Amino acid sequence: MEKTILHLDMDTFFVSVERLLDSRLIGKPVLIGGVTDRGVVAACSYEARAYGVHSAMPMKRAKELCPDAIQIRGNSATYTNYSEDVTSIIKETVPLYEKSSIDEFYADLTGLDKFFNSYLMASEMRKRITKETGLPISFGLSKNKTISKIATGEAKPNNQIKVDLGTEVPFIAPLSISKIPMVGERTQQTLYSLGVKQIKTIQEMPMELMEKVLGKNGVSIWKKAQALDNSPVMPYNERKSISTERTFDRDTIDVIKLKGILLAMAENLAFQLRRGQKLTSCVTVKVRYSDFNTYTLQSRIPYTSADHVLIAKVLELFNKLYHRRLLVRLIGVRFSHLVEGSYQINLFEDIEEQLNLYHAMDKMRDKYGDRVVMRAAGMEAKTISRFNPFTGEPPPLLPNRRR
């Protein structure tokens, strides 16, 4: 049986939410993201895109292209609430769904045509989402994830497309290769240099040539161009790592400040581990200097979720890593190799008072918020995330956190 896969994507989601909150933004170019010169565009309205602005562009460049654009820092908590409203409608309507990002979903409707018209059902769900949330949404419906995602892109803004079985290859043939998921700017330029600009050209190429040019990624792109994609709709993905990082408004050489923020990062991530009943055995610290050279250092440790172990290891790695004495642009911490479990008490090093302190602090954080109690040395890191990474939900990240 051929599958029936639905892809839904909120149209300029962050901008649409802001317009619900302030109708004066309707019809105007809007930029959401960091408001400083080092900020990054997290989202932009179609009016701003007409000037050549796109997401992930430096905010300074976006303002040069569209000087009349309205800048908004954005609020991830607000966007998460609206995303949850949309998610609840999808959850009530479809038998199996995957939330791939804060504003993007897949649903497996395979077999439903025996009882319902799956396209009609998707259309009614889309109308309900718009009616109940006020947010525009588009969808594509086809036999697999790749074609449905491409169809959604062609349907936007605020529309829908069904690609009938057997018409997938001619449907995508005239489109740009940039429409294929996984084709980033670098891959696109490589293919452009070979004269490959339309998906049709890839469809006519032998797979071996794509593999020779782009390796395994080339094979995957070739298969997608042939409308071949067996990837299933995954209702939940177990996280294998958690991380956080900060880009500074101004490069700094203040080691005390850097260590304080790293301490706060490690403390917060350790709490997230305990809240999710996870343990980590690999700690990574990342430093990017003002010349954009980036260095990372990692260390394997016995499985733990204890603050005193993880903070000490993070600071130890930073002391080994930070030796150039250049201005620092970005720092980050990552805990990986995660497994289920609770912290195992070390009989020779841990003391009862310390473990009771963790328990009391975690209880307060669960009730009043992640940053209600913290070490004084990390108080300067005011924008540590409050996102619980172990709920199965994708992170509501905005690439505009600056400290």
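## Ground rules

Because the model is predicted, local features need pLDDT of at least 70 and side-chain atom pairs count only at pLDDT 80 or more, while totals for chains, interfaces and linings use all residues. Residues are numbered from 1 along each chain as its sequence is written, and side-chain values use heavy atoms, with hydrogens and water left out.

Buried means under 20% relative accessible area, exposed over 50%, and partly exposed in between, with a 1.4 Å probe and protein chains only. I5, H7 and D9 point one way, and L6, L8 and M10 the other. In a regular strand the side chains alternate between the two faces of the sheet.

β1 runs antiparallel to β7 (residues 137-142), with 6 bridges, and antiparallel to β6 (residues 104-108), with 5 bridges; pairing requires at least two DSSP bridges. I5 has a bridge partner in each: S142 in β7 and D108 in β6.

## Nonpolar cores

A nonpolar core is a set of buried Ala, Val, Leu, Ile, Met, Phe, Trp, Tyr and Cys residues joined through side-chain atoms within 4.5 Å. The largest one has 33 residues, and L6, F13 and I90 have the most contacts inside it. Elements giving two or more residues to this core include β1, α1, β6 and β7, while α4 gives the most, with 5 residues. A second, separate core of 28 residues includes I261, V283, V285 and I301.

## Salt bridges

The structure holds 16 salt bridges, each a side-chain nitrogen of Lys or Arg within 4 Å of a carboxyl oxygen of Asp or Glu. D108, the β6 partner of I5, also meets K3 in one of them (3.7 Å, N to O). D108 lies in β6 and K3 in the segment before β1, so the pair ties together parts 105 residues apart in sequence. D108 counts as buried at 12% relative accessibility, and K3 as partly exposed at 39%.

R19 pairs with E47, their closest N and O atoms being 3.0 Å apart. R19 lies in helix α1 and E47 in helix α2, so this pair ties together parts 28 residues apart in sequence.

Notes: Helices (H or I, at least four residues) and strands (E, at least two) are DSSP runs, numbered from the N terminus.
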